[in-house]
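Subject: Structure handover and notes

Hi,

Here is the structure I promised to pass on to you.

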Amino acid sequence: MSHPAIPSEQIFRLLVESVRDYAIFMLDPTGRVTTWNIGAQRIKGYDADEIIGCHFSRFYREHEAKSGKCEYELEVAEREGRFEDEGWRVRKDGTQFWANVVISAVHDASGELIGFSKVTRDLTERMRAEEERAARHAAEHANRAKDEFLAMLGHELRNPLAPIATALQLMKLRNHGEATREQQVIERQVGHVMRLVDDLLDVSRIVQGKIELRRQRLDLREVLAKAIEIASPMLEQRQHRLAVDLLPGQLLVEGDEARLTQVFANLLVNAAKYTDPEGCIEVIGKLDGNQVAIEIRDDGVGIDPKLLPRVFELFVQGYQGVDRSRGGLGLGLTLVRTLVEKHRGTVDAYSEGLGRGSSFTVRLPRCETTSAAAPKPRKHRVVADGDARRVLVVDDNEDAALMLADALSAAGHDVRTALDPPQALEVARAFHPEVAVLDIGLPVMDGYELAERLRSELGDQTPRMIALTGYGQDSDRERSARAGFSAHFVKPIDVQRLSDTIARP
């Protein structure tokens with residue numbers, strides 16, 4: 001059975017009316033809707049009988065309609081035959097969507113304008129996807145900028161610490177490896193500051209728990225003693241009474257001494273900040289089954305019950321007065337939780353409410369007591385006569401260069417210094433060093449360029465190169481290795497380790 005032929009005009013009308021992904025409709029010469037397809041109904045929300053005969057300005061935001069935007073679009077379409085635009089349009093329910101709009105002038109056979117065709121596409125999802133991509137790109141750029149800034153800041157902080165640490169090691173060398181109590185305090189504090197610098201450089205990894213621990217068997221009594229020393233300036237300033245009640249004997253755990261010291265120092269400083277002057281802070285240590293439990297308790301301002309479940313979240317802080325006298329960035333407790341969990345432990349907070357003090361309890365897996373002696377600290381050694389080297393130290397920080405030269409000389413090496421690359425080249429020509437310890441961040445030319453100049457000028461007598469820098473990221477170490485440096489030391493350095501590296505053939 002055959003069907004009568006369907007006129008092409010009717011086929012086209014059926015096609016237009018069935019399209020769902022595009023709003024396709026006609027306007028009369030004044031801008032009133034005369035036809036309406038199913039796509040227009042789906043995108044704009046109006047049934048045909050609700051919108052036909054209405055002016056198309058109701059699809060525009062009120063301020064745009066009042067500004068004459070609709071009339072302008074029809075004027076351009078009539079004059080040029082076509083108008084295209086992207087922007088926000090309004091649905092029947094008042095919600096907005098991002099649209100691509102094409103308006104075309106329609107003329108009859110005699111060229112008379114009979115209206116306009118209008119095709120609208122809903123591009124909201126595409127626009128949002130583009131915005132998300134742009135936001136991700138901006139975030140990635142900001143993250144790279146942050147990493148670069150932190151690396152530079154870490155470098156600048158390390159530079160002044162380097163001569164301090166080297167001077168301390170030199171004092172110990174001159175005193176047969178012994179240090180006064182004052183020197184020990186300075187050494188511990190410098191070490192603590194350096195770990196804080198490392199935290200600054202690795203802040204993203206710390207927040208994500210991506211940090212490496214230097215594990216060893218530890219007695220928490222010694223860790224707590226160091227933490228108390230770190231927190232003591234604030235405790236003394238605020239005249240707090242500190243009571244320490246630790247179980248007799250060793251409180252052995254396996255962990256990173258510096259990181260656990262940081263944990264308990266942060267908790268003590270936090271207690272000091274939120275306890276009024278002359279308040280009481282207690283440190284209580286005991287065994288709890290197969291765990292060592294350390295509680296730090298205070299009689300300070302307490303914690304709001306609403307805040308208590310969130311105290312370990314990043315940037316969350318307790319009450320701050322207008323003067324922000326308690327300070328801080330809300331990072332300390334987040335670091336505490338991250339570090340404790342990395343040690344396979346837990347930390348809990350408790351408070352009966354505002355004005356009723358608070359306590360934080362850290363629980364760590366305990367180690368069985370052993371009679372084996374704890375490892376003794378490594379003593380500084382003087383190299384054997386056959387291992388002494390001629391060494392060139394190049395650093396634009398004069399204090400750092402002189403302190404390092406004195407320390408390496410005390411270890412038995414023959415050392416010369418230079419404060420910039422031109423002077424280094426001059427000294428190298430006369431001194432013929434076997435090893436060159438080069439600061440990377442030098443004026444005139446950096447350490448990499450200086451290494452190339454030394455190779456070019458000294459040829460077969462080129463010294464073995466050791467990089468000395470404030471930059472300690474993996475990419476920095478990889479670059480120095482590619483540049484031919486045999487070792488990469490981050491300031492402030494371990495002089496004994498550097499001396500041993502220099503002594504190697």
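Arg344 sits in the loop between helix 11 (332-342) and strand 10 (346-350). Its phi is near 60 degrees, a positive value in a residue other than glycine.

Some ground rules before the rest. This is a predicted model, in which local features need pLDDT of at least 70 and side-chain atom pairs count only at pLDDT 80 or more, while totals for chains, interfaces and linings use all residues. Residues are numbered from 1 along each chain as its sequence is written, and side-chain values use heavy atoms, with hydrogens and water left out.

**The chain as a whole**

The chain holds 16 helices and 16 strands; these are DSSP runs numbered from the N terminus, with helices being H or I of at least four residues and strands E of at least two. Of the 505 residues in the chain, 43% are buried. The accessible surface comes to about 27,200 Å², and carbon and sulfur atoms own 51% of that; the areas come from the Shrake-Rupley method with a 1.4 Å probe, and for residues only the protein chains shown count as cover. Among contacts (heavy atoms within 4.5 Å) with a separation of 6 or more, 63% are between residues 24 or more positions apart.

**Nonpolar cores**

A nonpolar core here is a set of buried Ala, Val, Leu, Ile, Met, Phe, Trp, Tyr and Cys residues joined through side-chain atoms within 4.5 Å. The largest one has 39 residues, and Leu220, Phe264 and Leu267 have the most contacts inside it. Two or more residues of this core come from each of helix 9 (220-237), helix 10 (257-273), strand 8, strand 9 (291-298), helix 11 and strand 11. Another core, of 25 residues, lies apart from it, and its members include Ala40, Cys54, Cys70 and Ala105.

**Salt bridges**

A search of the whole structure turned up 25 salt bridges, each being a side-chain nitrogen of Lys or Arg within 4 Å of a carboxyl oxygen of Asp or Glu.

Asp122 and Arg91 meet through their side chains at 3.0 Å, N to O. Asp122 lies in strand 4 (residues 113-122) and Arg91 in the loop between strand 2 (82-90) and strand 3 (96-107), so this pair ties together parts that are 31 residues apart in sequence. Asp122 is partly exposed at 32% relative accessibility, and Arg91 is partly exposed at 21%.

Arg363 pairs with Asp288 in a salt bridge, with the closest N and O atoms 3.3 Å apart. This one links distant parts of the chain, since Arg363 is in strand 11 (residues 358-365) and Asp288 in strand 8 (residues 280-288), 75 residues apart. Relative accessibility is 22% for Arg363, which counts as partly exposed, and Asp288 is partly exposed with 35%.

Arg429 and Glu457 form a salt bridge whose closest N and O atoms are 2.8 Å apart. Arg429 belongs to helix 13 (residues 421-431) and Glu457 to helix 14 (residues 447-458), 28 residues apart. Both are partly exposed: Arg429 at 42%, Glu457 at 34%.

The network of salt bridges links Lys69, Glu73, Asp85 and Arg89.

The 13 residues of helix 12 (residues 398-410) should span 18 Å at 1.5 Å a residue, and the end C-alpha atoms are 18 Å apart, which agrees; the expected span is 1.5 Å times one less than the number of residues. Buried in helix 12 are Ala400, Ala401, Leu404, Ala405, Ala407 and Leu408. They cover an arc of only 165 degrees around the axis, so they are on the same side of helix 12; the arc is that of the directions from the helix axis to the C-beta atoms. Just after helix 12, Gly412 has a positive phi of about 115 degrees.

Val444 is a residue other than glycine with a positive phi, near 70 degrees. Val444 lies in the loop between strand 14 (435-439) and helix 14 and is exposed, with a relative accessible area of 70%.

Best wishes

How values were computed. Buried < 20%, exposed > 50% of the residue type's maximum accessible area, 1.4 Å probe, protein only.
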